[in-house]
Structure formats: C-alpha cells, structure tokens
Amino acid sequence: MAGGIDSKEPVPAEVVLSVQGLKKEFAVKKRPPVQALRGVSLQAMAGRVTGLVGADGAGKTTLIRIAAGLLVPTEGRVTVLGFDSVGDTLEIQSRVGYMPQKFGLYQDLTVAENMDLYADLQGVPGAERAERYRRLQDMTGLASFTRRRAGDLSGGMKQKLGLACALIKSPRVLLLDEPTVGVDPVSRRELWKIVYELVERDRIGVFVSTAYLDEAERCSQVVVLHEGQILAEGTPREFMQRMEGKVSRVVPPQAGKPRRLYTRLVGREHIVDATIRSGLVRVVTDTVGIGSITAALAGEEVAAIEGIQPNFEDAFMAIIPRAEHHFQPARGGDTPAATPDREDEVVVRTRELRKFFGDFEAVKKLTFEVRRGEIFGLLGPNGAGKSTTFRMLCGLLAASSGEISVAGNDLHSSRAMARSRLGYMAQQFSLYGQLSTLENLRFFGKAYGLDSGRLRLRLEWAFAEFDLGRWRDKAAGSLPGGYKQRLAMAAALLHEPDILFLDEPTSGVDPFARREFWLRINGFAEQGVTVVVTTHFMEEAEYCDRMLIMSQGDTLAMGTPNEIRALVRSADNPQPTIEDAFIALAEGEVVPLVIRSDAGSTEGADK
Amino acid sequence: MSPAALFLMRMRGILRKETLQILRDPSSIALAIVMPLVLLFIFGYGVTLDAEHIPLAVVSADTGPMAGDMVARFDLSPHFATTRLHSMAEAVQQLNEQRIDGIIRLQNDFSRRLHNGEQVPVQLIVNGIDANRARLIQGYVRSVMGEWAMQRRARGEEAATPPVSVAQRVWFNEESDSRNFMVPGLITLIMTLIGILLTALVIAREWERGTMEALLVTPLRRVDLLLGKVIPYYLLGMIGMGLSVGVAVTVFNVPFRGSIGALLLLSSLFMLASLGFGLLLSAAIRIQFVVAQVSILAGYLPAFFLSGLLFDLESTPRFIRVISHAVPARYFVAISHTLFMAGDIWPILLPNGLVLAGMAVFFIGLAFRNITKRLER
C-alpha cells in the first residue's frame, strides 16, 4: 500500500484519526461536480472528543463516511489508527465503531438479537460476550428491554441501542454521524454521558459530527466546517474567548415581551446574531461593547443592556460568512400588531381531547386555548403525541372524544369551513417536486379557490415576501433546503389564512434557516395571524408566546416561556432555559403542572 | 481466533439475522409461500386453457341416419353443448349475438354423397374474436369427426374416405389437459418471483432503512455479503418450489415422472441463476419501488411470456425466439415439462441444465463483482 506503513506505531500514539488534504467530489449529471470537501486536514486524538460542526451541506457526513471506508477520497487521504481508509478498509472496520445517522438497526430484530448480530460480525468471542453485554446494557439502560424489537423502541432508546451496537467490540475509535438528530433532550444528555464515560475510562477517541451547537461546546476539540472547508478549529474555550465582550443581552421593558426588540435588532449593521433566550434578546455583535446595539435600538425603550458570557453558538454565528443571512424583516413603519380587542379572541380551543389507537392512548385529555395573533408551541420529544394532536386540530384525524373548535367552527360539524381559514405546512415537504415553484403556488392557490385576480396578487406577494423570484421556473424538488421550506410556507399562506399550523417546520434545517424562519413567523404573528407550531428544538420555544409541553400524551406544563422557566429557577440555575425545564419535568423533578396563565383553559395537575 | 472461525461467526450472524427477518416479516412469507399457492389455484382451477361446453349450433338440412349419427357424436362430446337449429339465418344471428361460438352445417345431400363414397364437405363457422379459442374449437371439431369416421370403419360400414381427414395425436398430455402443462410451468414463475423480486426487494430495503450502511462498516467481506443473501433466499425458493410440486401432484393430480434428484439439482441451478439476477439488480438499484418495477419488467414478464409457458415459442417470430434464449425461465420450463410429463430424459435435461448452470455462474459472478463495500458505485 502507498505510504509504507510500519507494523508498529505507524503514527504518534495519541493520534487516532488523521485527515490530510482531503478532497471529495460527487459527479452530478450534466453539471459540474459537487465539491463536498475542498482540502481538509485535521487530527483526532485518543481520549478526546473531536466535534465536527457545520451547517447542512458543509461536508460533515462525507468526511465521516470517508473515514469509515464507505467513500473513496478524490484527493488526499484519511488514516485511522495508522491504517489507510482506502487500502486497509477492513483493518479499520474491525477496530472502529460507527453509528450512521439512521442508527443501522434491524427493526424486526430484538435488542438482544441486534447486539448478537453485530457481535458476530465484529467477531467478539463468545466467552467475552456476557460481560460485554452486561456493561453496555447497564450503561444504556437497555437491560430490561432485551426482548423488545428495535422497531418498538422510542427514538432515544433506538439511538442508545445503535450506540451499544457500535461499541460491541470495545473499539478504539468511535465515529458518530449526527447521533442526536430528532432525539429528545433527556436522551441527548444521556448519550453524551455514555460517550464521556468511555472517553475517560477507556481512552477511546471519538469523532462526532453535530448540528447542535450546545453539543459542540462539550467537545474537547471543535472543527468548524463550512462548504467543504475548515473555517476554524480549537477548543470550545478558545472559540468563546474570541467572542469576549461581543455578546450582550437586552432586557425588554416589559418582562417576557422581547419580540419587538428582537425584530428591531435582526440584520442591522454590526449585529451578527440576535435570538430570544430566556425571555431576553441575546445579541452578538462584531464589535466589542454595546455601542452598536444602542445605535440599532435608537428610540426604543429598553430596560437594560448587559454584557454576558459568550457561548459556542455565538462564536459559530460570528465565524460563518454573512452571506448566509438573506432575510431582512420588513419593518414597514413599525405598526403595532393586532388591535388589543381582537387579541383576546380565542381562535383554537380544545376540551378534554383524547385519541386512542386501539388500546393505546396517544393523547390524554388535552385542554388548551390559543388566542388571535399568538404563537403557540406544542413541544415534546418524538412520540409525545404532538403530531397526533396536530392532525386532530387540522381535521386530518378524528378525535376519540372531546371538543375542538378552530376559528369558531366545530371541527365535527363544519370541517370545510374551518379548513378554509387555516393554512397547514406538513412535516415533510409536501409539494410537487416535478412542478416549478410557480406551478406549485398556482396549484395551491386554485385548490384554495382564489380567483385569478386575487391569485395574481398573492403570487406577486409570495415571490416578493419569500424572495423566490430566482427559483420561479425551477422544479420545486431541485430547490435548496431552505428555499423548499420557504415555498412550502408560501403555499400554506397563499389564501391568507387566519391560523397557520406548522408541523416540525425546522427539523432537518440548519441554524441559519431556522433563525430566518422564526423571524418570519414573528412577522406574521404581528400581523394578526395565529400560529400553532410543533418542534422538538427546546430553544425554539423561546419564540412562542405560550407553549404546551407534552410527554407520552400527557400535558407536562403549559404557560409562557417565563412561567415555564420559573418552574426550575433555583440558586444553582438562576437563568434556566426551556430545555432545563423540560428535562426537569420529564425526569419528574418538578411536579407536572398546568400554569393558570389564562382563565378558561386551566386544568389542575393531572391525575 | 482463526480466520475460518471468524468467517463462520460472521456467517452465523448474518444468516440468523436473515432468517429471523424472513420469519417475522409477513411480506416475505406471503411472497414465498402464500403467493405460489394462490397462483397455483388460480391457474390450476380458474384459468384453464381448455374449453368445455362450447355452445355450438348444428344446422342440418339432411335428415338421414348418417347425419343424425354424426350430430350425436357432437352431443356426446364434453367439449360441446350443441343446439339444433333449422335455418342458417337463425344460427348466424345467434353467432352475432355471441350466444354460440360456432356453427356446423351439413348439406341436404350429406348422407347421399357419403353413401356414394364421395368426399363430403362439412362447413364449420367459428367466432374468431378469441383466436386461441377458435383454434381450439377447430381442433375439437376435427377430433370429433375423426372419431366418428374411425367408429364407422370399425363398425364395418363402407370404408369411405372420412369427410375431413384428421390426424391428431397427443403425446404425454394424453388428456390434452392444459393443467398438466400449466402447473409445471407455473413453478418456474414462482421461483422467478422469489429469486429476483424478493431478493432485490430485501436488499433495497436495507439501503432505505440505513442498515446496509451499518453492515458495510463491519469487517464483513464481500463474499460474506453475497453468501448471506444467497443461502437464505435459495432455501426459501426451494421451499416454495417443493410446496408447488407437492400441490401440483396431490391437489391437481399432475403426473410427475422424473426423479426427485434431478428435480432438486436442476431447480437449484435455476434458482441460483434467478438469485444472481436479483442480486445484480439490487447492486444497481437501491430504491424498493424502482427495483420492484424493474424486476417485474426484466424478470417476471419475460418468464411469463418468453419462456414457452403461455405461448409456444415455435410459433413466435424469429426475433422473439432469439430473445427468449436469454431468459433463464425458458430453460427451466423445458426441464419442468420434461420432468413432470416425460421423466428423466437426459438428452433434453442436460443441455438445458448446462445453460442454466452457465447463467447461474454468470449472474452470480457479475453480482459479486458489483457488490461493493463503499456507498458509491
């Protein structure tokens, strides 16, 4: 093999993975090849967690797949434990653990059978198995589920089983490709605990790609990948130190009403990033100090502007080139939103809503109300009953019992009336991939019964509002991810619905597109559109006016972000996040409670 | 551990996984066990190519005994349900209305001319919309008339030249029962489905579910991957074959005149050729929906239409006949017909078997070359 590898210690002991000048091109029909990686060099060490961070399409998965021997580099090479990824693929594959994005589990096989399969494939001697299985099952908490089929496990459990299978032969290197996508915060936290245990006790090297920036913060070493190139690398501390003095929080004059300040700040000069966190606006600037914030907020009432500790996300947002941010919110005159008298109008109401699938109770006596112009979040891990609730609200699924009224119409008696007033954006891209952007919009406009004059006006609006002009005649299936999402949203809004239902609109979307999306949602809410949205990103709950946190069909908590956070506020954690609150609620550290934030929709603690 | 022990351990793992998946997945059981039975019963009972009780009108202007004798032969035949009509116009009208499928017309001088030892023409008009059925009716009519003539001779009535000269003889399928012909052919079809469609589908499913990616990053060798799919689906296909033969012999009373050994050997060759083709497809296509379409088009339909199962290849255009040589099912249909109806006739079995062996080696070899442990081809 090229490189002339010596039998012992081919590279210094510490390096377990080494990438040198790696380039990878993918051929595309009739177009220039896509350059997924353009000259990447990096190293990962034993006893450390090396994180690969980047937006969608940055090249993370490609890099990990090359290291696992699944892809062949166009140029450059990757060595794992001194073995070349092309020449000695089998040597690498018998020494590393690899967990692909979909976990690679056989749904029809039980937990134990999946583990047996990978033990057989990896050649784990029979004598060692009992001990090994016990340790892995203890670590992952799978011991009591060994006879359950993998397909029947929850998302978090599947992911842990995937990890157990990847660890079956005590690998020296663990390759994880976005291991926590679509998994609830409790499971994410547990997975990382296991990984760190292995790193500390067995000194294995972990190479992990992630789109969650808070996870990057826990890595020993972070590499930021952008469009196939490394933009920066270092320890998370180093990243954060660079941001010293550039991160502030803006306290709104009224507690819990940060939205106005937030829309004012986004996209302004020197403002790199603005988000709503813990009821405050978190602002990242490219200058030290708060000067650019005060400039941007001239004339606005502000309670306080304070400098705060930067985190990795701030650094990440500052590193990625600005061209990524396309969206400028329309600030047309800063007209105040919906008039106060309409704001109290209840547009969505459920009472004791239940749904059974056979004996299984997917939704248990759900009662809530949503008022006009509100952004109402339905939060919870996969399998919490969010989507089921959602489908009942949209009239796609009949409730087993209870009442639902949407826009004043009872869904049982006047489904069509209710539907004409609501817009729905499904979790999966549900437009016609072969039709062009224009054709799709035209079709949905006609389907909603817009006459040609109004349709023309609305099409003009859609192309301007969502900046889709460039893609007008392109097939919808060929649009980049973020634009697909815009198109789907434009289609849902064409008939000017009063209520917008969005099912997991941000899953599988990178941090930039997610920010843009929430900005838009804010804008619509300010125009008086009621928005009901589901998400499993807990930090996104901050953008909601009120939220309902669900778990296993039950209501865990309901209230404003402030109220939810207040549940777990303590001396140790004076500024808790929604995620902290969710974990505490899910682990039973806090009594599940429906906060009496509005009359009429209250319910005591359940059971 | 030694490489051999590791190899056996990997094979154990992958075979156990595949077996459990087959046992727990209703769709593979349905495809391998239920569908063969359904096909057998549909074709065995419902779709028979024989015609019985064909409505036939007899228009006889002759009232002589010989004409009566002849018409009686038609009455007695299980193939026909005859009605006697008095005018041709009436018969033609019924034919137009499709109440009858054919008309036999005897002229008024039938008995007299027969008596004089002349050649007597008998008119047969057949509804030709369904060409196959029309041909069948012609055949039945000839054979009825032939029998009649034979009987006249046997009775010592004057050795007149028969009115129509019929020389039809049927070998092997003495009862001319198309079931005896169809059922052995169907076994070919069933094995094609298991070998190509099922195999290609399960591999595409592994790609779609992401399990293939995880398998590729284990120390599994390419040959392990190949054997891991060939062995279980070979066995499943042979079970389907055994079941079909059992049902054919016990339920449909199709004779089986060959030896079990020859059946096992030759059907194994066919099964391996089909599996090889299925594996080749799945190496190229990783989407279940597409692979299902392609395997139906490239595997199932040729086995149905170009194997001699439905249509006699000898009567097809030369172009089609040439193409049919590339269809493995063609050779196994010949083998299966021979084994069932004639026995171990090696001059027929051997060349067909050799071609199948060649195809098995070719397809499996090509599939092995195309199996890769990388995601890209």
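**A first tour of two chains**

Author: Chain A holds 20 helices and 25 strands, where helices (H or I, at least four residues) and strands (E, at least two) are DSSP runs numbered from the N terminus. This is a predicted model, in which local features need pLDDT of at least 70, side-chain atom pairs count only at pLDDT 80 or more, and totals for chains, interfaces and linings use all residues. Residues are numbered from 1 along each chain as its sequence is written, while chains are lettered from A and ligands numbered from 1 in the order in which they are written.

Reader: What percentage of the residues in chain A is buried?
Author: A residue is buried if 20 or more other C-beta atoms, placed from the backbone, lie within 10 Å of its own, exposed if 12 or fewer, and partly exposed in between. Chain A has 607 residues, and the buried share of them is 48%.

Reader: Which residues of helix α20 of chain A are buried?
Author: Helix α20 (residues 578–586) of chain A is mostly covered, with 7 of its 9 residues buried. The cover over them includes α6 (185–202), β23 (546–551), β24 (554–559) and α19 (561–566) of chain A. The buried ones are I578(A), D580(A), A581(A), F582(A), I583(A), L585(A) and A586(A).

Reader: Which residue just after α20(A) takes a positive phi?
Author: The place to look is just after the helix α20(A). The phi there is about 75°, and the residue is G588(A).

Reader: Is F357(A) buried or exposed?
Author: F357(A) sits in strand β15 (residues 346–357) of chain A. From A130(A) it is 227 residues away in sequence and 38 Å away in space, C-alpha to C-alpha. Because F357(A) has 11 C-beta neighbours inside 10 Å, it counts as exposed.

Reader: Which element gives the largest share of the side of chain A that touches chain B?
Author: The contact draws 28 residues from chain A and 25 residues from chain B, two residues being in contact if their C-beta atoms, placed from the backbone, lie within 7 Å. On the chain A side, the elements giving two or more residues are α2 (89–93) and α3 (111–122). The largest share, 7 residues, comes from α3(A).

Reader: How many charged residues does that side of chain A have?
Author: Ala, Val, Leu, Ile, Met, Phe, Trp, Tyr, Cys and Pro count as nonpolar, Asp, Glu, Lys and Arg as charged, and the others, Gly among them, as polar. The side of chain A that touches chain B has 14 nonpolar and 8 polar residues, and its charged residues number 6.

Reader: What distance separates the centres of the two domains of chain B?
Author: An automatic or database domain assignment sets the bounds. It gives domain 1 (3–47 + 177–376) and domain 2 (54–154) in chain B. Taken over C-alpha atoms, their centres are separated by 47 Å.

Reader: How do α10(B) and α13(B) run, roughly parallel or roughly antiparallel?
Author: Helix α10 (residues 260–284) and helix α13 (residues 328–342) of chain B pack with axes 10 Å apart, at an angle of about 165°. Axes are lines fitted to C-alpha atoms, for helices over the stretch in contact, and angles run from 0 to 180 degrees between N-to-C directions. Angles under 35 degrees count as roughly parallel, over 145 as roughly antiparallel, 65 to 115 as roughly perpendicular and the rest as oblique. The angle therefore makes α10(B) and α13(B) roughly antiparallel.

Reader: Which residues of α13(B) meet α14(B)?
Author: The axes of α13(B) and helix α14 (residues 346–370) of chain B come within 9 Å and cross at roughly 150°, which means that the two are roughly antiparallel. On the α14(B) side are I348(B), L349(B), N352(B), G353(B), V355(B), L356(B) and M359(B). By class, the contact has 10 nonpolar, 3 polar and no charged residues. From α13(B) come P328(B), Y331(B), F332(B), A334(B), I335(B) and T338(B).

Reader: How are α9(B) and α10(B) set to each other?
Author: The axes of helix α9 (residues 222–250) of chain B and α10(B) come within 10 Å and cross at roughly 130°. The two helices are therefore oblique.

Reader: How far apart in space are R369(B) and A283(B)?
Author: R369(B) belongs to helix α14 of chain B, and is exposed, with 11 other C-beta atoms within 10 Å. R369(B) and A283(B) are 86 residues apart in sequence, and their C-alpha to C-alpha distance in space is 9.5 Å.
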